[in-house]
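Dear colleague,

Please find the structure we spoke of below, followed by notes on what was found in it. I would be glad if you could read the two side by side.

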Amino acid sequence: MAPRAVDVPALVDSARAGTPRAIARLISLVEDDHPALREVMAALVAHAGRAWVIGLTGAPGVGKSTSTAMLIRAFRERGQRVGVLAVDPSSPFSGGALLGDRIRMQDHSHDAGVYIRSLASRGHLGGLSAATPQAIRVLDAAGFDVVLVETVGVGQSEVEIAGLADTSVVLLAPGMGDGIQAAKAGILEVGDVFVVNKADHDGAEATVHDLRHMISLADRTTPGTWRPPVVRTVALQGTGGEQVLEALDKHRAHLDETGELRRRRERRAAEEIEQLALERLRSRFDMVEGRGGLGALAARLVAGDIDPYAAVDVLLEGADCE
Ligand code: GDP
């Protein structure tokens, strides 16, 4: 079935005016890797780059959704508009997995200054790592001051997705991730701000202490280097939101003062371009006409019919003369 025609200029105008339906439609185009996406991105780039992209990651159950709701309230009190993207790399095909979270955040559902959306990657070969920067760009261009990207930490994905944000918040809870576990998971490097949530539970103090110790061991002693603060919260009671915001503000100031904001964004842009290039290349692999694509080449390599370098030539030449 041919994809539904899209009036991109009208859609972009209305997303920029803050119309939730238009924003939703644009993000669906991203998820579907719709043919109109190229035109959408071309229309959006000039309007993007203003939002502060904050990543929030942590293991399931540490309180990400509860904390997101708390942060939304705190930003709204400052009069800032907040767009939230809930990204679950463990279930790339079921945007519905996060429905529960959205329901819990419903107290914001009638506030035009808040937009909450879970993200799936139904069409993107590059999965969420290709779709997420595009969805962020939609919210950014739609004029949200803050774009919060909530990701479920599962193994390496939190590390990858942390690379999407200007500021990365790593959420832990007592007993769920002490300093050593955090170091093993590689999150000490990606966190700009650490939040120990569920500070009403036993062991919170030990977790904070542990984390501070691990952070002090990490090589961040060079002058001008950011040393990530550790903040305690009880998100369920809304306690600590202001302190998290203060820590975020300090990091934002550090990003601006050191030029790190620009460096991070350029690194991210490079990754996005690379991801799209790989995606385009991969999509051509299956179209190497008459030669059966990657699968056929793999069979020939196993059968000893072709060497791997010659197979690459076939693949890339095929890509050149589609
Ligand atoms: P997520 O899976 O990381 O999004 O975690 P949720 O926000 O869904 O929270 C998981 C559970 O922990 C829920 O039952 C929350 O009510 C609860 N919770 C969240 N924050 C706190 C907190 O600060 N203290 C306590 N005791 N429970 C909390």
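Two strands are said to pair if DSSP finds at least two bridges between them, and helices (H or I, at least four residues) and strands (E, at least two) are DSSP runs numbered from the N terminus. This is a predicted model, in which local features need pLDDT of at least 70 and side-chain atom pairs count only at pLDDT 80 or more, while totals for chains, interfaces and linings use all residues. Residues are numbered from 1 along each chain as its sequence is written, and side-chain values use heavy atoms, with hydrogens and water left out.

The sheet is open and has seven strands, in the order β3-β2-β4-β1-β5-β6-β7, with parallel pairing. Because β3 (114-119) and β7 (230-232) stand at the edges with a single partner strand each, one side of each is left without a neighbour in the sheet. From one strand to the next the twist averages 20°; axes here are lines fitted to C-alpha atoms, for helices over the stretch in contact, and angles run from 0 to 180 degrees between N-to-C directions. Helix α10 (residues 204-217) packs on this sheet, touching β5 (167-172), β6 (193-196) and β7, and its direction makes about 170° with that of β7, where contact means heavy atoms within 4.5 Å.

Turning to individual pairings, strand β1 (residues 52-58) is joined to strand β4 (residues 146-152) over seven bridges in the parallel sense, and Thr 57 has Thr 151 of β4 as its bridge partner. With β5, β1 pairs in the parallel sense over four bridges, and there Thr 57 stands opposite Val 170. Strands β5 and β6 run parallel and are joined by four bridges, with Val 195 in β6 as the bridge partner of Leu 171.

How many of the six residues of β5 are buried? Six of the six are, so β5 is largely enclosed by the rest of the structure; buried means under 20% relative accessible area, exposed over 50%, and partly exposed in between (1.4 Å probe, protein chains only). Both faces are covered, with Thr 167, Val 169 and Leu 171 buried on one side and Ser 168, Val 170 and Leu 172 on the other.

Ser 67, found in helix α4 (residues 64-77), counts as buried at 2% relative accessibility. Leaving aside neighbours within four places in sequence, Ser 67 is in contact with Leu 171, Asn 197 and Ala 235.

With best wishes
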